[in-house]
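Dear colleague,

My notes on it follow directly after.

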Amino acid sequence: MPKASEIKKNQAIEYDGSVYFVKDIERSVPQGRAGGSLYRMRMYDVVTGAKLDETFRDSDMLNLADLVRRPATFSYSDGDEFVFMDSEDYTQYSLNREAIADELLFITEDTQGVMVILLNEAPVALDLPPTVDLPIEETDPSVKGGSATARTKPARLTTGLVVQVPEHISTGDRIRINVEERRFLGRA
């Protein structure tokens with residue numbers, strides 16, 4: 001059992017009978033207190049996605065959750081259910097659209113590095129790679145000589161995500177996106 005001071009971002013902990021992902025940690029040292037740092041953690045319930053902000057002393061003991069991450073690829077969608085196939089043993093995992101709405105903006109059938117997160121053998125969430133390559137579905141026409149300026153324009157990708165791209169990028173180009181910042185990194 002690690003102390004609160006040893007917990008890192010994106011780890012899963014058990015707290016109050018539920019399992020939470022730790023998405024953000026703020027450390028503060030109150031004035032005049034002998035020895036104790038406080039850790040304010042923003043956590044999201046693995047199953048429901050509900051947000052919880054909680055503060056722990058550095059000596060508080062927390063339980064790490066037993067989550068399993070399996071490599072998977074997007075297979076197909078059936079209404080509001082999205083089916084992912086395990087890349088190693090071909091097990092199929094179904095996830096509801098509501099549970100993975102943000103992640104769906106970065107996933108196509110050929111997206112590599114997707115992990116399905118299992119809690120007690122049941123799929124609860126997706127873990128995405130740091131970058132993904134996606135094709136541009138629609139953007140304004142490219143401007144000749146546009147690479148010399150730092151101006152950007154909006155581009156809609158095939159998944160529905162809209163990002164700002166340099167003026168020299170055109171419809172049909174494959175671009176690399178930083179998943180966490182939702183930002184253009186370069187041509188794929």
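Which lysine lies over the face of phenylalanine 21? It is lysine 23, placed at 5.5 Å from the ring centre. Please keep in mind that this is a predicted model.

Aromatic pairs

Three aromatic pairs are present in the structure. One of them joins tyrosine 15 and phenylalanine 56 in an edge-to-face arrangement, with 5.3 Å from centre to centre and 85° between the planes. Tyrosine 15 belongs to strand E1 and phenylalanine 56 to strand E4 (residues 51–57), so this pair ties together parts that are 41 residues apart in sequence. Phenylalanine 56 has a relative accessibility of 4% and therefore counts as buried, the limit being under 20%.

Another pair, formed by phenylalanine 74 and phenylalanine 82, is tilted, with 6.0 Å between the centres and 35° between the planes. Both partners count as buried: phenylalanine 74 at 15% relative accessibility, and phenylalanine 82 at 7%. Ring pairs also bring in Phe84, giving a cluster of Phe74, Phe82 and Phe84.

Beyond its neighbours within four places in sequence, leucine 157 touches Leu134, Pro135, Ile136, Glu137, Val163, Ile175 and Ile177.

Strand pairing

Five strands form an open sheet in the order E13-E12-E11-E14-E15, with antiparallel pairing. E13 and E15 (183–187) are its edge strands, each pairing on one side only. On average, neighbouring strands of this sheet are turned by 55° against each other, direction ignored.

Tyrosine 15, a member of the edge-to-face pair, stands opposite serine 18 in E2. Two residues lie between the strands of this hairpin, where aspartate 16 takes a positive phi near 50°. E1 also pairs with strand E5 (residues 63–64), antiparallel and over two bridges; there, asparagine 63 is the bridge partner of glutamate 14.

With kind regards

Definitions and conventions
Residues are numbered from 1 along each chain as its sequence is written. This is a predicted model: local features need pLDDT of at least 70, side-chain atom pairs count only at pLDDT 80 or more; totals for chains, interfaces and linings use all residues. Side-chain values use heavy atoms; hydrogens and water are left out. Contact means heavy atoms within 4.5 Å. Two strands pair if DSSP finds at least two bridges between them. Helices (H or I, at least four residues) and strands (E, at least two) are DSSP runs, numbered from the N terminus. Axes are lines fitted to C-alpha atoms, for helices over the stretch in contact, and angles run from 0 to 180 degrees between N-to-C directions. Rings of Phe, Tyr and Trp (its six-membered ring) pair if their centres lie within 6.5 Å; planes under 30 degrees apart count as stacked, over 60 as edge-to-face and the rest as tilted. Buried means under 20% relative accessible area, exposed over 50%, partly exposed in between (1.4 Å probe, protein chains only). A charge sits over a ring if NZ of Lys or CZ of Arg is within 6 Å of the ring centre and within 35 degrees of the ring normal.
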